[in-house]
Amino acid sequence: MLSGMIGRKGSSMRIVVHGQQAFGKAVLERLLERGENVVAVCCAPTKEGKPEDPLAELARQKGLPLHQPASWKTPEALELMRSFEADVCMMAYVLLFVPQPVLDAPRLGTFQYHPSLLPHHRGPSSINWPIAMGRTRTGLTIFWPDEGLDEGPILLQKTAEIGPDETIGDVYFKKLFPMGVDAMLESLDLVKAGILLKHKQDLAAGSYESWFKKEIAEIDWSRPASEVYNLIRAANPAPGAWSTFNGVKVDVFDAARVDRSGTPGEVLSVSDEGVTISAKGGAILVKRVRPAGGQKVGATEFAASTDLKPGDIFSSSKSKR
């Protein structure tokens, strides 16, 4: 659907930035660099004992009106959004549920960033899952949110390759983060030009996945080495793939696939490069780990400190089921 725009255009457009963390901050920085008319910044509340959110901190530094409601489901929150008399709201990483009346309060509505190619990988961990599933391509979507779970019509999409050895950190920070900031600004330019694209999602052709939690990131060494490697990449740096050695959980980070084989979970070798552990049809060279309660260290250093040696076994609760 293509809609026309009537009224304010150009830098006079009244913009609300609703977001948080580094991505929200980066979007706000770019808007201010361009001289856009940001009339309000909305951010998640600061948690007790935690540092102030980077977006909130920047808004304060720039003297912008900052609002941090604990919920957007109240009549007061709706009146707050209406009080901005905004033309558009740009949602740059928002985890709180926002009801439809609040989304619709700006004159032209609200558009939002999502780091996947919708309707695929709707949900809160949309970068982890494609990597864990062995996908070679992902992307980002700017869409008009509704009260569904990432189900609103699409304004703009960009694609990105997932390299065979790239981690979630690589895909997000090197690709989807900078591309996403650019796409948010490009989307604003479309809206300002009166190009309000709204392509309905075919939800039946897509997918929804929930949080990629720590328990999901447990390594099952009896699975194919390719699957184990994809899981490690999808969880690096967070939440961190993990296994158990001598009853102690060990997070696994930097790794590589190698062409060796043995009993699943068996330590095949310890070298200056790291610790090689067998999986089905191959093995994983583990380069960096974090023992429970400790700091990240090289796998070789970990092996020396725990007397880990070839023939030892990393166990998995999954392989015992």
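**Cysteines and backbone**

The structure holds zero disulfides, a disulfide being a pair of cysteine sulfur atoms within 2.5 Å. Cys42 is in no disulfide, and the nearest cysteine sulfur, that of Cys89, is 6.5 Å away. Before I go on, the ground rules. This is a predicted model, in which local features need pLDDT of at least 70 and side-chain atom pairs count only at pLDDT 80 or more, while totals for chains, interfaces and linings use all residues. Residues are numbered from 1 along each chain as its sequence is written, and side-chain values use heavy atoms, with hydrogens and water left out.

Back to the cysteines. Cys42 is buried, at a relative accessible area of 0%; buried means under 20%, exposed over 50%, and partly exposed in between, with a 1.4 Å probe and protein chains only. What about Cys43? The closest cysteine sulfur to that of Cys43 is in Cys42, 8.9 Å off, which is too far for a bond. Cys43 also counts as buried, at 3% relative accessibility.

Now the backbone. Helices (H or I, at least four residues) and strands (E, at least two) are DSSP runs, numbered from the N terminus. The peptide bond from Leu118 to Pro119 is cis, with omega near 15°, and Pro119 sits in the loop between strand E6 (110-114) and helix H5 (128-132). The loop between E6 and H5 also holds His121, which has a positive phi of about 60° although it is not a glycine. His121 is buried, at 7% relative accessible area.

Another cis peptide bond runs from Asn236 to Pro237, with omega near 20°. Pro237 is in the loop between helix H7 (225-234) and strand E10 (241-245).
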